Amino acid sequence: MTPLEMVGVFGAGVGAGALNAVVGSGTLVTFPVLLAAGLSPLTATVSNALGLVPGAVSGAVGYRRELAGQGRRVRKLAVGSALGGITGAVLLLALPAEAFETIVPCLVGLALVLVALQPLIGRKVRERRSADRPVRQDGGRTLFAGLTLASVYGGYFAAAQGIIYISLMGLLLDEPLQRLNAVKNVLVAVVNAVAAVFFLFVADFDWTAVGLIAAGSTLGGQLGAATGRRFRPAVLRALVVAVGTVALVQLVLR
């Protein structure tokens, strides 16, 4: 990498760490930057997954206040996230590279749709929560199965997995969104960590990219956790959609 590319990757890591702590979709910031730095889509995905682990942990620590009293729930859901994450990581390397290069543009497109629809999803969540329904402490088997499947997606390609988590938990748990966001950060950290451990032994990655994203996302995770409640969601959403569109165009034209 050139010095300018290294600065760009570090900056993308900061932005991704902050976005992941607040709303998710940080991969849509780092992924196109790694492609622009010359990494192949597969190497970029693996390097990104490894680099974002410290950022995910940083974001989870930053939201530790909102995690109070949710230990049992987090432990149960983390089991499904770990199983899904390792399954997705295995699929990433087991499927041929041609399949990955075909699937990833579709996943990026799906992630962009989810980001764009986040206001609608949030409104549906609030309507659901305002209805007279019994409190569900762990979401039952439906939430466990849904989060496990979402984690397969996260282990394969992490963009917008946090938004899927928030949507599922918001529909099936009676909790404020900030507390759900705290759980989301832990589950994302679990998925990234189990996938990263697997990739360390069997995948090709770029250590420079990993180190820069790790440093940037760790800083970004703390910034996002500290200031996330003051961000304007519309601005963040527009940024993610814009960057993700660049990634999608790059992937289609490669």
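Helix α7 spans residues 140–156, 17 residues in total. From first C-alpha to last, α7 reaches 25 Å, close to the 24 Å expected at 1.5 Å a residue. The model is predicted.

**Helix α7**
- Buried positions in α7 include Leu143, Gly146, Leu147, Thr148 and Ala150.
- Ser151, Tyr153, Gly154, Gly155 and Tyr156 of α7 are buried too.

**Packing of α3 and α10**
- Helix α3 covers residues 41–62, and helix α10 covers residues 207–227.
- Their axes lie 7 Å apart, at an angle of about 20 degrees.
- That angle is under 35 degrees, so α3 and α10 count as roughly parallel to each other.
- The crossing of α3 past α10 is right-handed.
- On the α3 side, the contact is made by Ser47, Asn48, Leu50, Gly51, Leu52, Pro54, Gly55, Ser58, Gly59 and Gly62.
- On the α10 side, they meet Ala209, Val210, Ile213, Ala214, Ser217, Thr218, Gly221, Gln222 and Ala225.
- By class, this contact holds eight nonpolar and eleven polar residues, with no charged ones.

**Asparagine 192**
- Asparagine 192 sits in helix α9, residues 177–202.
- Its relative accessibility is 5%, so asparagine 192 counts as buried; the cut-off is under 20%.
- Leaving out residues up to four places away in sequence, asparagine 192 touches Ala49, Leu52, Val53, Ala56 and Gln161.
- Leu52 is one of these contacts of asparagine 192, and Leu52 is also among the α3 residues that meet α10.

Terms used
Residues numbered from 1 in each chain as written. Predicted model: local features only at pLDDT ≥ 70, side-chain atom pairs only at ≥ 80, totals over all residues. Heavy atoms only, no water. Helix = DSSP H or I, 4+ residues; strand = E, 2+ residues; numbered from the N terminus. Expected span 1.5 Å × (residues − 1). Buried < 20%, exposed > 50% of the residue type's maximum accessible area, 1.4 Å probe, protein only. Axes fitted to C-alpha atoms, helices over the stretch in contact; angles between N-to-C directions. Parallel < 35°, antiparallel > 145°, perpendicular 65-115°, else oblique. Left-handed = near helix turned anticlockwise from the far one by under 90°. Contact = heavy atoms within 4.5 Å. Nonpolar A, V, L, I, M, F, W, Y, C, P; charged D, E, K, R; others polar.
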